[in-house]
Amino acid sequence: MPFATAHTVSLHGAVGHLIDVQTDVSPGQVGVTMVGRADTTINESRDRCRMAIVNSHFDWPATRRITILLSPADLLKRGTHFDLAVAISVLAAAGTVSPVALEHTAFIGELTLDGNLRAVGGVLPMVLAAAERGIRAVFVPEPQAGEAAMVPDMSVIGVRSLGQVVAVLRGDDELPDAPPVAEMSGARLLAWRGRERLDELDLADLVGVADARFAVEVAAAGGHHLLLSGPKGCGKTSLVERIPGILPDLTQEEALELSAIQSLAGTLDPVTGFPTRPPFSAPHHDASKASLIGGGLGVVHPGEVSKAHTGVLFLDEFPLFRSDVIEALRQPLENGDVTIARRDESVTLPARGMVVLAANPCPCGDYTADVRQNTCTCRAAQRRDYRNKVTGPVADRVDIVRHLPPLRRPDGPADLDPPESTARVRRRVEAARARQTERYVDESWRLNGQASGPVLRDRWPLTKAGQQAVDKHLYDGRLSRRGATRVHRLAWTVADLRGRPHPGLEEVDTALRLRLGEPLLLSMLERAG
């Protein structure tokens with residue numbers, strides 16, 4: 001039969017589409033025609049596949065007309081991982097392999113001219129997409145078999161060469177020898193040793209910042225974005241570095257989503273299996289827009305905001321970031337994803353992590369309203385321009401605003417209480433998140449910080465007194481509509497931390513103070529414990 005279909009997957013961001021590689025070998029003008037919106041990389045696979053087949057000692061139908069269709073034809077396709085599916089489809093159409101053996105099977109891998117395989121990026125999201133569309137077996141380069149095997153109920157065959165793939169499809173007893181497949185260049189990045197340092201940090205080390213500790217706890221419990229400001233040395237970075245410790249372990253769904261992003265970025269290590277702890281990313285303030293948001297030539301690579309999905313993205317010295325980077329954060333702060341638009345396609349990547357911003361009050365970092373401690377040398381215009389870099393639309397998308405005062409000797413009742421440990425705070429955060437999981441079991445979001453405003457107002461409204469308190473600030477101009485929604489979300493998180501079935505006026509008052517940057521009352525901090 002001069003016709004056969006093999007399957008592979010085309011990636012658009014983290015979303016995979018099953019592709020039918022259909023090949024027809026028939027009489028006519030000798031040549032190879034490939035159709036179906038293939039990019040230059042895939043068009044070049046015609047020559048790679050021909051030489052790989054010949055050098056693997058199989059017959060290439062050189063006296064026939066070969067037509068290869070990548071279906072659906074209207075979908076843009078790119079990537080060298082199409083090679084293996086194209087070669088197998090040609091061999092099946094030429095009679096070397098039975099087309100029946102290709103059913104419910106996908107082929108992923110790049111071919112060299114001698115018929116050996118090379119590793120490719122994004123194997124995990126490809127296999128996930130294939131499994132969702134009824135594929136039951138997948139051939140991948142041998143080093144990436146562990147990554148593909150993360151997908152449940154999928155039969156994974158790790159191979160080294162085109163010859164081995166043909167032997168498996170034929171049911172041969174022995175596989176031909178082939179050299180080991182080299183790892184992807186840069187695929188095994190060294191783990192950041194700083195994560196081990198973060199695991200050793202404890203909230204109990206921080207004395208005198210009870211207000212900010214509570215704000216961090218609320219942010220972690222509900223997945224809320226946080227802005228910390230204050231003079232240098234007041235403890236902003238120390239607080240943020242302790243946030244990963246109070247976050248719960250990843251759920252299976254979260255671990256799978258994060259693994260798919262790491263696979264796209266080339267940083268997934270299948271040896272360690274699924275990640276269990278939320279990621280923490282802290283890029284330098286000279287990071288480019290593409291490195292933070294995502295982009296790149298050809299295939300779109302995830303940025304730091306997507307790599308921190310389900311975890312924490314910490315942007316220290318936020319006003320020092322480039323203006324285009326600051327403005328590009330509007331979408332992930334608002335929607336929890338990033339859409340990168342190109343001329344021919346639009347790619348959306350998940351970015352549902354906590355974004356924590358830290359800023360000094362001025363370029364030198366010493367300004368404080370207390371004239372006795374103020375050693376700032378910046379002019380008033382410099383301080384104003386520095387603060388204005390955090391534009392209104394970006395600041396309006398941040399849920400919690402906290403100002404940390406300069407470090408001082410503990411003297412208040414809240415300061416004298418022994419700070420709680422990370423383990424104790426983490427137990428409260430886990431309990432609060434469990435309540436949210438139960439409440440939002442039928443929704444597309446998991447946490448209060450991701451909840452839809454209209455749905456919250458309709459199904460989980462505030463009390464009449466609480467809504468009146470929010471409306472007062474709204475009509476006084478202290479809150480925007482977006483800010484009012486964030487207060488609503490925060491009120492639910494405070495209630496979840498306190499174990500209450502519904503936020504009352506006290507929770508709304510606490511949420512308003514967190515949102516507006518006003519100091520919390522001692523009674524609020526006591527109830528939080």
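Trainee: Which residues is Ile 108 in contact with, once its neighbours within four places in sequence are left aside?

Mentor: Contact here means heavy atoms within 4.5 Å, and on that basis Ile 108 touches Thr 8, His 81, Leu 84, Val 120, Val 123, Met 126, Val 127, Val 138, Phe 139, Val 140 and Pro 141, leaving aside its neighbours within four places in sequence. Please keep in mind that this is a predicted model, in which local features need pLDDT of at least 70 and side-chain atom pairs count only at pLDDT 80 or more, whereas totals for chains, interfaces and linings use all residues. Residues are numbered from 1 along each chain as its sequence is written, and side-chain values use heavy atoms, with hydrogens and water left out.

Trainee: How should I read a nonpolar core, and which residues touch the most other members of the largest one?

Mentor: A nonpolar core is a set of buried Ala, Val, Leu, Ile, Met, Phe, Trp, Tyr and Cys residues joined through side-chain atoms within 4.5 Å, where buried means under 20% relative accessible area, exposed over 50% and partly exposed in between, with a 1.4 Å probe and protein chains only. The largest such core has 49 residues, and Ile 108, Val 127, Leu 315 and Phe 318 touch the most other members. Helix α4 (residues 123–132) supplies the largest share of this core, seven residues; helices (H or I, at least four residues) and strands (E, at least two) are DSSP runs, numbered from the N terminus. Another core, which lies apart from it, has 47 residues, among them Ala 469, Leu 479, Val 494 and Val 508.

Trainee: Which residues of helix α2 are buried, and why do they lie on the same side of α2?

Mentor: In α2 (residues 45–55) the buried residues are Ser 45, Arg 48, Cys 49, Ala 52 and Ile 53. They are on the same side of α2 because they cover an arc of only 125° around the axis, the arc being that of the directions from the helix axis to the C-beta atoms. These buried residues of α2 pack against β3 (31–35), α1 (40–43), α3 (83–93), β6 (110–111) and α6 (162–170).

Trainee: What should I look for in the backbone, for instance in the phi of His 57?

Mentor: The general idea is that most residues other than glycine have a negative phi, and most peptide bonds are trans. His 57, in the loop between α2 and β4, has a phi near 70°, a positive value in a residue other than glycine. Thr 310 likewise has a positive phi of about 70° although it is not a glycine, and its place is in the loop between α13 (304–307) and β14 (312–315). As for the peptide bonds, the one from Ser 71 to Pro 72 is cis, with omega near 5°, and Pro 72 is found in the loop between β4 (65–71) and α3.

Trainee: Are His 57 and Thr 310 buried or exposed?

Mentor: His 57 counts as exposed, at 73% relative accessibility, whereas Thr 310 is buried, with a relative accessible area of 11%.

Trainee: Where is Thr 485 found, and what is it in contact with?

Mentor: Thr 485 is found in helix α22 (residues 481–497), where it is buried with a relative accessible area of 13%. Leaving aside its neighbours within four places in sequence, Thr 485 is in contact with Gly 453 and Arg 457.
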